[in-house]
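Colleague: Could you walk me through reading side-chain contacts and accessibility in a model like this?

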Amino acid sequence: MLEGNPKPVIIKMADGTKARGTVFVYEGKRISDIVKNADKFIVLYNTSIAGLRDKTAILNKSQILYIVPED
């Protein structure tokens with residue numbers, strides 16, 4: 001089972017691609033904490049990206065321009 005609270009987000013990549021999906025954030029943490037940690041990748045669940053739907057995507061943080069919460 002996935003740990004943390006699901007947070008819907010929109011992510012824009014360096015190549016202009018936009019992804020919608022869900023990241024999981026531990027209790028007491030923020031989405032920005034995911035960006036700041038040492039991991040090189042972000043896992044995005046229930047993703048809609050480049051014509052794909054309901055997939056899991058692993059995104060390279062170095063290619064992310066911004067992340068916007070959809071709350």
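Colleague: Is Tyr 45 buried, exposed or partly exposed?

Modeller: Buried means under 20% relative accessible area, exposed over 50%, and partly exposed in between, using a 1.4 Å probe and protein chains only. Tyr 45 has 22% relative accessibility, so Tyr 45 counts as partly exposed. Phe 24, at 23%, is also partly exposed. Keep in mind that this is a predicted model, where local features need pLDDT of at least 70, side-chain atom pairs count only at pLDDT 80 or more, and totals for chains, interfaces and linings use all residues. Residues are numbered from 1 along each chain as its sequence is written, and side-chain values use heavy atoms, leaving out hydrogens and water.

Colleague: Which geometry do Phe 24 and Tyr 45 have as an aromatic pair?

Modeller: Rings of Phe, Tyr and Trp (its six-membered ring) pair if their centres lie within 6.5 Å; planes under 30 degrees apart are stacked, over 60 edge-to-face, the rest tilted. Phe 24 and Tyr 45 are edge-to-face, 5.4 Å centre to centre with 80° between the planes.

Colleague: And how many salt bridges does the structure hold?

Modeller: Side chains of opposite charge can pair when their charged atoms come close. The criterion is a side-chain nitrogen of Lys or Arg within 4 Å of a carboxyl oxygen of Asp or Glu. The structure holds three. One of them joins Glu 70 and Arg 20 at 3.2 Å, N to O.

Colleague: Which residues are linked in a network?

Modeller: Salt bridges link Arg 30, Asp 33 and Lys 36. Asp 33 meets Arg 30 at 3.5 Å and Lys 36 at 3.9 Å.
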